[in-house]
Amino acid sequence: MTEKFKIAIIGSGPSGLSAAAHAAELGVSHILLEAEKQAANTIYKYQKGKHVMAEPEILPLRSPMSFTAGTREKILSTWDQELGKHRVNIRYNTSVSAIAGQRGNFLVTLHNGEVISAECIVLAIGLQGNIRKLGAQGEDLPNVQYQLDDPEEYFDETIIIVGAGDAAIENAIALMKRNRVILVNRNEEFNRCKDGKMETRVSTHVNRVEAKSGAFKMEFFAKTANGEENILSHRIIARLGANPPRKLVESFGVHFPNKDTGAVPELTEHYESNVSGLYIIGALGG
């Protein structure tokens, strides 16, 4: 028998948690579907001890969930407690493979073949399921990784970090206390990196990565303004952001304004997509 809900919320990042907790607070029939084994998976994957910022102060907070700055661990613990407190109907390890229908009559197909019915859909799946990789030979080798869990696990290693955003710089700063860190950027400069203790490479593009035997497990080949450079290292950490899960979202009937890989769907002022009754919030909505 198909379960029926007023609202099906897909994705339990901060925006999905807020929507579900608000529905629970109002007594609205709802279900929150999370593909991973825990809520807020993006924040769960932040490096250990990372300080997470609160919501922008210029925006009024209308969520029953707490949004105050703190460590990753404290915030996740608080949200877990509040999920229970607000009696949010959340289902873990449940990914969505298809959505069909429109306002008042959506059918949501789950990975296990189960189908649930909902009058409206709130899509809050974020971007982190589509991590950008190196885009070069060797990008999936064992010592190439795309996140950093605990910087304290690494000691006396040579670690190459590829990227120029906040995540790359935070990882580099955390690791350089106990390791030799080389921060590689495809652009001409690091706008936000001022620490003189860190080795940097600018205008540097990855050609390939190869596995090695011996003390250094990896060899990193790059194209620079001065020709090819190769660097021996123990591991490579690439922090290159993520692309919207476009194919999946388009399969739900949602239109994108252009073919740009970074494009987000066009939404109304109420965050409704071109599919009547399907709303998109959070990072996926821009």
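I take buried to mean under 20% relative accessible area, exposed over 50%, and partly exposed in between, with a 1.4 Å probe and protein chains only. Helices (H or I, at least four residues) and strands (E, at least two) are DSSP runs numbered from the N terminus.

The model is predicted, so I note that local features need pLDDT of at least 70 and side-chain atom pairs 80 or more, while totals for chains, interfaces and linings use all residues. Residues are numbered from 1 along each chain as its sequence is written, and side-chain values use heavy atoms, without hydrogens and water.

**Entry 1, helix α4.** I looked up the buried residues of α4 (residues 166–175) and found Ala168, Ile169, Asn171, Ala172, Ala174 and Leu175. They pack against β10 (158–162), β11 (180–184) and β16 (235–238), where contact means heavy atoms within 4.5 Å.

Glu170 forms a salt bridge (a side-chain nitrogen of Lys or Arg within 4 Å of a carboxyl oxygen of Asp or Glu) with Lys50, the closest N and O atoms being 2.5 Å apart. Glu170 is partly exposed at 31%, whereas Lys50 is buried at 16%.

I find 17 salt bridges in the structure. One of them joins Lys6 to Glu119 at 3.0 Å between the closest N and O atoms. Lys6 is in strand β1 and Glu119 in strand β8, so this pair ties together parts 113 residues apart in sequence. I also noted a network of salt bridges linking Arg180, Glu199, Arg201 and Glu229.

Leaving out residues up to four places away in sequence, Leu33 touches Val96, Val108 and Ile116, among others.

I located Glu272 in the loop between α5 (246–251) and β17; Glu272 counts as buried at 16%. A polar contact (N or O atoms within 3.5 Å, one able to donate a hydrogen and the other to accept it; sequence-adjacent residues count only if both atoms are side-chain atoms) of 2.7 Å joins its side chain to that of Arg103. The Glu272 side chain also reaches the backbone nitrogen of Gly277 at 2.7 Å.
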